[in-house]
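I opened the notebook to record a few look-ups, going from the whole chain to two single residues.

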Amino acid sequence: MNIANDRVVSLNYTLTNAQNQILDSTGPEPFLYLHGHQNIIPGLEKALDGKAQGDSFKISIPAADAYGERNDKLIATVPLDRFSGVDNVKEGMQFHAETPDGELQMVTVTKVDGNTITIDGNHPMAGLDLNFDVSVLDVREASEEELQHGHVHHSHSHEGCDDADCESCHDCC
């Protein structure tokens with residue numbers, strides 16, 4: 001079965017940057033995603049389209065087709081009092097912030113200078129060209145539930161599952 005929209009893909013990958021440093025890789029468990037539902041970066045999803053179980057390949061994805069180019073407009077300096085309820089704001093901390101249009105966006109604290117905090121709304125890998133070494137392990141049809149939710153559900157029992165605490169289904173099932 002070939003990879004196409006609405007199919008669940010299981011793969012192993014190693015992700016490196018231009019200096020060949022490993023940025024991420026699947027561990028002992030493969031990575032699963034629902035193809036065609038924007039669950040992975042666009043360049044990799046496009047490269048996987050049409051591949052099948054057993055296929056392996058290497059591909060370089062330019063920043064624009066990965067996490068995008070860095071956008072300096074997503075960097076802001078804000079007063080410390082905007083972090084009410086947080087005892088000690090430190091570099092590297094991440095928060096959800098509301099954009100002017102009401103969307104939630106992840107921001108990372110990049111600098112703490114007294115009562116002034118610099119935050120960055122760029123993805124940590126924005127601006128990076130990425131290199132993938134990929135092996136397709138399996139391709140299957142998605143379940144109706146996976147299609148409704150727009151992502152893969154891992155097999156486990158839902159008996160006694162409290163929706164808000166269901167980590168195996170990313171808090172959605």
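Entry 1, the chain. I am working with a predicted model. I looked up the secondary structure and found two helices and nine strands. Reading along the sequence, I noted the order β-β-β-α-β-β-β-β-β-β-α. I then checked burial: 32% of the 173 residues count as buried. Of the contacts between residues at least 6 apart in sequence, 58% join residues at least 24 apart.

I located H153 in the segment that comes after α2 (144–149). Is H153 buried or exposed? Its relative accessibility is 9%, so I put H153 down as buried, the cut-off being under 20%. I looked for a partner of the side chain and found a polar contact with the side chain of E145, at 3.3 Å.

I found P30 in the loop that runs between β2 (22–25) and β3 (31–34). P30 has 29% relative accessibility and therefore goes down as partly exposed. Which residues does P30 contact, once neighbours within four places in sequence are left aside? I listed S10, L11, N12 and L137. I also checked P30 against V136, which is 106 residues away along the chain. The C-alpha atoms of P30 and V136 are separated by 9.4 Å.

Definitions and conventions:
Residues numbered from 1 in each chain as written. Predicted model: local features only at pLDDT ≥ 70, side-chain atom pairs only at ≥ 80, totals over all residues. Heavy atoms only, no water. Helix = DSSP H or I, 4+ residues; strand = E, 2+ residues; numbered from the N terminus. Buried < 20%, exposed > 50% of the residue type's maximum accessible area, 1.4 Å probe, protein only. Contact = heavy atoms within 4.5 Å. Polar contact = N/O pair within 3.5 Å; in protein donor to acceptor, adjacent residues only side chain to side chain.
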